[in-house]
Amino acid sequence: MEKSRGIYDLSREDIANALAGEPKYRQDQIWHSIYSTSLGIEGASTLPKALRLKLSEDPQFKTQLEEIERRQTDRGRTIKFLYAARDGSKIESVLMHYKSRSTLCVSSQAGCAMKCVFCATGQMGFKRHLSAGEIVEQVMAAKIECQNTFKDSISSSKTGRLSNIVFMGMGEPLANYDKLIKAIDKINNSVGIGIRHITVSTVGIVPGIIKLADEEVGVKLAISLHGADDKTRSHLVPISRRYGLDSLIEACHYYISKTKRRISFEWAMMSGINDSIDQAEKLANIAFSLGAHVNLIPLNPTPGYLVVGSSRDRIEDFANYLESNGVATTIRNTRGNDIAAACGQLAATNLEVGKTKVELAKK
Ligand code: SF4
């Protein structure tokens, strides 16, 4: 048994084993309770109090994350949560409420080994993989947050319902493949989020993309591309030195042919780095050949990378170029710059690993 596992790591079989001697329907009561109305076992009001108390003292029935900070912006429509895991690792998730849905951006690792230069999490370095339970717990916490926030309106409309999950928080999900797959299974089958509403974002771990396609997981795939040639990509996304652009594009074609699903490219717009028309032309060729959608994201500034985001005019020129070359393009709203909502920023602030621009400039 994994020593550190928690309640959202448990399978139905684990619960059955822990409840030996209890009527079988208790298993369903627990399962239903922990995936619908409450976080953990304490709110399982259908259980006899003595059993609830007994289970709540068992470490494997405890939750694993403690919320240590939350920041809100956009009049409460964007909330960033900072959690401490049992070993003290800090992880983040960001909940974004839209008109008719809510989306949660989840973390799959504490820190990240990919070292993308513009990313606060990459600047922190890698601490460890998250367990499937730690991933699912972020989702359950957000689901309950939505239920509480919209309890008066949720029955009459879809407003506020947690409907979309994006693996775009801390970590590279395909580097934690087995836990990712277990978590997706629970998020889909137990929490109740449709598989087509779950997006896995990767910087381009080619074997992971192929495995995801072969296993027909069914999630949406987003590729954090950020550069349309190996030279630009290898500066921004060091792992691309191992998985070059040709092999990544080939893996994308494979994913599309196996799943019949459209993929998207994420592109953080960085002034003077990847926002030229030359890059737009190369990106248009790649995206058009794959029928991929492109999301342009104004760079969320991080303390460890001095480059600033592209101007609004530059982003619009870039988008217009893509559109006029047949590539569906969206300019993404950046939510929560004022609360350090880009991945890793709140944890970095909390850990005080971030350096100010002035400190870096002095080096
Ligand atoms: S952008 Fe994603 S993959 Fe790259 S360092 Fe940040 S968390 Fe890791």
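**Figure 1. The crossing of helices α10 and α11 in this predicted model is right-handed.** Helix α10 covers residues 277-290 and helix α11 covers residues 312-324. Their axes come within 9 Å of each other and cross at roughly 35°. On the α10 side, the contact is made by Ile277, Ala280, Leu283 and Ala284. On the α11 side, Phe318, Tyr321 and Leu322 take part. Sorted by class, this contact between α10 and α11 has 7 nonpolar residues, with no polar and no charged ones. Two packed helices are described by the angle between their axes and the distance between the axes.

**Figure 2. Ile41 is found in a loop between two helices.** The loop runs between α2 (25-36) and α3 (49-56). Ile41 counts as buried because 22 other C-beta atoms lie within 10 Å, and the cut-off for a buried residue is 20 or more. Leaving aside residues up to four places away in sequence, Ile41 touches Ile7, Ile34, Arg52, Leu55, Ser56 and Phe61. One of these contacts, Ser56, is 15 residues from Ile41 along the chain, and the two C-alpha atoms are separated by 6.2 Å.

**Figure 3. Ile79 lies in strand β2.** The strand spans residues 78-84. Ile79 has 24 C-beta neighbours inside 10 Å and therefore counts as buried. When residues up to four places away in sequence are not counted, Ile79 touches Arg70, Gln72 and Leu95. The view also includes Ala142. Ala142 and Ile79 are 63 residues apart in sequence, while their C-alpha atoms are 9.7 Å apart in space.

**Figure 4. The protein chain has 13 helices and 12 strands.** This panel places the close-ups in the context of the whole chain. The chain has 363 residues, of which 44% count as buried. Ile41 and Ile79 are both buried. Among contacts in the protein chain with a separation of 6 or more, 66% are between residues 24 or more positions apart.

Key:
Residues numbered from 1 in each chain as written. Predicted model: local features only at pLDDT ≥ 70, side-chain atom pairs only at ≥ 80, totals over all residues. Axes fitted to C-alpha atoms, helices over the stretch in contact; angles between N-to-C directions. Helix = DSSP H or I, 4+ residues; strand = E, 2+ residues; numbered from the N terminus. Left-handed = near helix turned anticlockwise from the far one by under 90°. Contact = placed C-beta atoms within 7 Å. Nonpolar A, V, L, I, M, F, W, Y, C, P; charged D, E, K, R; others polar. Buried ≥ 20, exposed ≤ 12 C-beta atoms within 10 Å, placed from the backbone.
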